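Please keep the sequence and the model in view while reading.

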Amino acid sequence: MKGFIREFKTFLNRGNVLDLAVGVIIGGAFKSITDSLTNDILMPLLGLLVDRVSFSDLTLTVGSATIAYGSFVEAVLNFVIMAFAVFCIVKAFNRLHRKKEETPAPAPKPSQEELLLTEIRDLLKEGK
């Protein structure tokens, strides 16, 4: 049991938990923004195009069951918006990461021994 607790402390001290917590909190806040964008802006505009004020009013009654397919359309659109935003963030991060990799490290200065050997080689090529 002590090994498990020690491993858990190591896990917590790595910082991954804090990064994950920040990601979850920001993700939750971002979800509320995309929900509002979908429900308050995009869906009313799309509703005007199909002569409906709200997609959530779109239902289908089968027997005694009511299927709210308008709410499903809103959820799908919300997912697409969220997926597109995450795609853009990952794409920007990858581009930034790639630029860091492409920047070559400066060549190390040759040592005194390498400079001397290069000079000897050049003299031998000249035949002196």
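## Basis of the description

Helices (H or I, at least four residues) and strands (E, at least two) are taken as DSSP runs and numbered from the N terminus. By this convention Val-73 belongs to helix H3. The model is predicted, and local features therefore need a pLDDT of at least 70 and side-chain atom pairs a pLDDT of 80 or more, whereas totals for chains, interfaces and linings use all residues. Residue numbers start from 1 along each chain as its sequence is written, and side-chain values use heavy atoms, with hydrogens and water left out.

## The nonpolar patch

A nonpolar surface patch of about 830 Å² is made by Leu-60, Val-62, Ile-67, Tyr-69, Phe-72, Val-73, Val-76, Phe-79 and Val-80. Such patches are made of residues with over 30% relative accessible area and no salt bridge, with nonpolar side chains (Val, Leu, Ile, Met, Phe, Trp, Tyr) joined within 5 Å and like charges joined within 9 Å. The accessible areas come from the Shrake-Rupley method with a 1.4 Å probe, and for residues only the protein chains shown count as cover. Strand E1 (60-62) and H3 each supply at least two residues of this patch, and H3 gives the most, with six residues.

Leu-60, in strand E1, is partly exposed with a relative accessible area of 45%. Val-73 is also partly exposed, at 32%; apart from its neighbours within four places in sequence, Val-73 is in contact (heavy atoms within 4.5 Å) with Met-43 and Phe-55. Val-73 and Met-1, which are 72 residues apart in sequence, lie 49 Å apart in space, C-alpha to C-alpha.

Ser-64 is found in the loop between E1 and strand E2 (65-67), and with a relative accessible area of 80% Ser-64 is exposed.

Thr-34 is found in helix H2 (residues 16-49) and is buried, its relative accessible area being 3%. Leaving aside neighbours within four places in sequence, the residues in contact with Thr-34 are Asn-78, Ile-81 and Met-82.

## Salt bridges

A salt bridge is counted where a side-chain nitrogen of Lys or Arg lies within 4 Å of a carboxyl oxygen of Asp or Glu, and by this rule the count comes to two. In one of them the side chains of Asp-35 and Lys-31 meet at 2.8 Å, N to O; both residues lie in helix H2, four residues apart, about one turn of the helix. Lys-31 is partly exposed, at 41% relative accessibility.

Asp-122 forms a salt bridge with Arg-121, with the closest N and O atoms 3.2 Å apart. Asp-122 is partly exposed with a relative accessible area of 32%, and Arg-121 is likewise partly exposed, at 44%.

## The positive patch

Lys-91, Arg-95, Arg-98 and Lys-99 form a positive surface patch. Arg-95 lies in helix H3 (residues 69-102) and is partly exposed, with a relative accessible area of 43%.

Technical notes. Lys and Arg count as positive and Asp and Glu as negative; His and the chain ends are not counted. The place of a charge is taken as NZ of Lys, CZ of Arg, CG of Asp or CD of Glu. Buried means under 20% relative accessible area, exposed over 50%, partly exposed in between (1.4 Å probe, protein chains only).
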